[in-house]
Amino acid sequence: AGQVTRVGHGVCVIEDALTHAECDALVRKAQVPGVLQASRTGGGMQPDRRQSWQARCQYRETPGVQAKLGRLMGVPVQHMEALKLIYYPTGGFFESHHDAFARSFDPRTGASDWACVAGGTWPNRVVTCIVYLNDVPGTGADTGRTVFDDIGVAVRPKKGRAVVFAPAYLPTSTYRPGQRRECMAHRGERCHADKYIATQWAWGCPYVAEKDPKSGLGPGALSDETV
């Protein structure tokens, strides 16, 4: 990876987090006919809030990429969800949302609705890494920037560039362990050209995709290419 810049309140931008060859390989997977499905939100299909297409890679498809992103995020691969590829066609966008889950925790035990899919107590997504897989032409908002309105940060897509941030507090935190950090709400501005990203989420404890009904993992690989 290249230069690391902290752009505000725990949001870091990392240049060349993935090589151009790795980015191209992931885009090819997203372009395999029939693999992409319309993206949903927590409320289901909401085209007024989100217009994009997505697919999950199988773990066996992306061992090199996930090992590299795990080092950037400081987490073991065992804590990581399967890599998600997202395609925003011209005009695509995603309104403000959170990556961590707002689930009630038992204050005595730290148990939550997600205890079945993630080991330990206070389970939640604690690190997000978004990697831009292509350059999007334009000069500002029309490039489909990632915007954190609460902290005044906007990151422009650039091939290989990553944005890393913590959507929830660590389970070991003395302040609100496992709770969502509300200031990490973010949105993808409407893009005026095609945009591809890879999104990697990591939990504060081991994650078991087979026990997660929302894992998005289909029965087979998107393609035979290994990255």
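Which residues of helix H2 (residues 63-73) are buried? This predicted model is read here with local features needing pLDDT of at least 70 and side-chain atom pairs counted only at pLDDT 80 or more, while totals for chains, interfaces and linings use all residues. Residues are numbered from 1 along each chain as its sequence is written, and side-chain values use heavy atoms, with hydrogens and water left out.

**View 1. The buried face of helix H2.** Val65, Gln66, Leu69, Gly70 and Met73 are the buried residues of H2, where buried means under 20% relative accessible area with a 1.4 Å probe, protein chains only. Looking down the helix axis, you will find these buried residues within an arc of 135 degrees, so they line one face of H2; the arc is taken from the directions from the helix axis to the C-beta atoms. Their cover includes helix H1 (20-30), strand E8 (125-132) and strand E13 (195-203), with contact meaning heavy atoms within 4.5 Å. Helices (H or I, at least four residues) and strands (E, at least two) are DSSP runs, numbered from the N terminus. Just after H2, glycine 74 has a positive phi of about 75 degrees.

**View 2. An open sheet of five strands.** The strand order is E4-E7-E12-E9-E10, with antiparallel pairing; two strands pair if DSSP finds at least two bridges between them. At the edges are strand E4 (50-51) and strand E10 (153-155), each pairing on one side only. E4 meets strand E7 (residues 93-97) over two bridges, and arginine 50 stands opposite phenylalanine 94 in E7.

**View 3. A stacked pair of tyrosines.** Rings of Phe, Tyr and Trp (its six-membered ring) pair if their centres lie within 6.5 Å, and planes under 30 degrees apart count as stacked, over 60 as edge-to-face and the rest as tilted. Tyrosine 87 and tyrosine 196 are stacked at 4.8 Å centre to centre, with 25 degrees between the planes. Tyrosine 87 belongs to strand E6 (residues 84-88) and tyrosine 196 to strand E13, so the pair ties together parts 109 residues apart in sequence. Both tyrosines are buried.

**View 4. Phenylalanine 148 meets phenylalanine 165.** With ring centres 5.0 Å apart and planes at 80 degrees, the pair is edge-to-face. Phenylalanine 148 is in strand E9 (residues 146-148) and phenylalanine 165 in strand E11 (residues 162-165). Both are buried.

Technical notes
Buried < 20%, exposed > 50% of the residue type's maximum accessible area, 1.4 Å probe, protein only.
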